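Here's a quick tour of the rings and the packing in this one. Have a look at the model first.

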Amino acid sequence: MEHTYYTTQLQAGLGLIEETQLLLSEWQFGMSTQELFQTALASGTFSNITARRLRNIIAECFAPRYLNPKPQPATWLRQLNYSINASSLKQLFFIYTARANLIFRDFITELYWERYAAGYTELSNEDSREFVLRATSGGKTKNLWSDTTIKRLSSYLLSICVDYNLLKPLTRATRQITPVRLEPCVAVILAYDLHLQGIADNNLINHADWQLFGMQPEDVREELKVLSIHKFWIIQAAAGIISISWIYENMKEVIDVILETRL
């Protein structure tokens with residue numbers, strides 16, 4: 001398996017919540033990144049940023065998060081855009097951003113939630129800097145990063161957490177930990193996303209994506225049991241073995257039901 005290194009891709013854009021919603025409105029299935037750029041540029045919606053900046057956002061942020069994975073998350077995110085509550089949509093953006101940025105995912109699962117579980121209420125600039133420093137000295141980056149790059153990425157990690165409501169600014173040096181509770185519709189979409197990738201039920205329960213919300217396998221199992229009342233699936237658990245009967249065959253069916261029921 002090819003080793004995956006941490007990158008500096010976050011410097012191209014952090015949460016980009018508003019920009020992502022606007023791009024989802026312009027995007028059509030089958031569009032290339034160049035076609036999306038031309039369409040978005042012609043729309044006039046992004047008149048407050050330069051064409052170069054828009055191209056960079058699309059190529060370095062939007063595409064890796066929402067277009068390059070197969071199947072494309074943009075397909076169902078476009079259906080949900082402006083149709084579900086802001087918290088749920090932001091959590092979905094959070095998942096796909098973390099998938100596309102390994103350093104961000106590990107920051108959340110290896111530092112953020114561990115600190116929260118240990119009783120900490122804040123994260124500091126120094127906490128983030130030490131995380132990035134350990135990463136680059138520990139071989140998680142392809143090359144050793146300069147002090148300037150380490151300082152910049154440390155700041156980006158804290159700022160993107162603020163974008164996704166995981167942290168709240170306190171002072172210039174500290175951020176308050178504000179843990180989010182996984183929204184029900186996001187849990188349904190994530191479960192089906194993993195299932196439709198061909199991930200077996202037991203592996204699905206243990207998948208790292210749930211850890212983005214501080215959830216352990218037993219938490220996921222209980223969450224899926226609670227949500228089974230809405231008839232998205234039938235779940236059985238015995239002797240540590242999970243068996244799920246999936247009701248819907250594709251994400252479009254799942255999204256249609258979510259929008260109908262306002263889950």
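## Charge over rings

Arg-115 sits over the face of Tyr-120, 5.0 Å from the ring centre. Arg-55 does likewise with Phe-37, at 4.1 Å. The test for a charge over a ring is NZ of Lys or CZ of Arg within 6 Å of the ring centre and within 35 degrees of the ring normal.

The model is predicted, so to speak of local features takes pLDDT of at least 70 and side-chain atom pairs need 80 or more, while totals for chains, interfaces and linings use all residues. Numbering runs from 1 along each chain as its sequence is written, and side-chain values use heavy atoms, with hydrogens and water left out.

## Aromatic pairs

There are 17 aromatic pairs in the structure (Phe, Tyr or six-membered Trp rings with centres within 6.5 Å; stacked under 30 degrees between planes, edge-to-face over 60, tilted for the rest). Phe-94 and Tyr-164 make a tilted one, 5.7 Å centre to centre with 45 degrees between the planes. Phe-94 belongs to helix α5 and Tyr-164 to the loop between α8 and β2, 70 residues apart (helices are DSSP runs of H or I, at least four residues, and strands are E runs of at least two, numbered from the N terminus). Both residues are buried, meaning under 20% relative accessible area with a 1.4 Å probe, protein chains only; exposed is over 50%, and partly exposed is in between.

## Helix α5

Of the 15 residues in α5, 11 are buried. Asn-85 caps its N-terminal end, with a side-chain oxygen 3.1 Å from the backbone nitrogen of Ser-87.

Terms used: A polar contact is a pair of N or O atoms within 3.5 Å; within protein, one must be able to donate a hydrogen and the other to accept it, and residues adjacent in sequence count only if both atoms are side-chain atoms.
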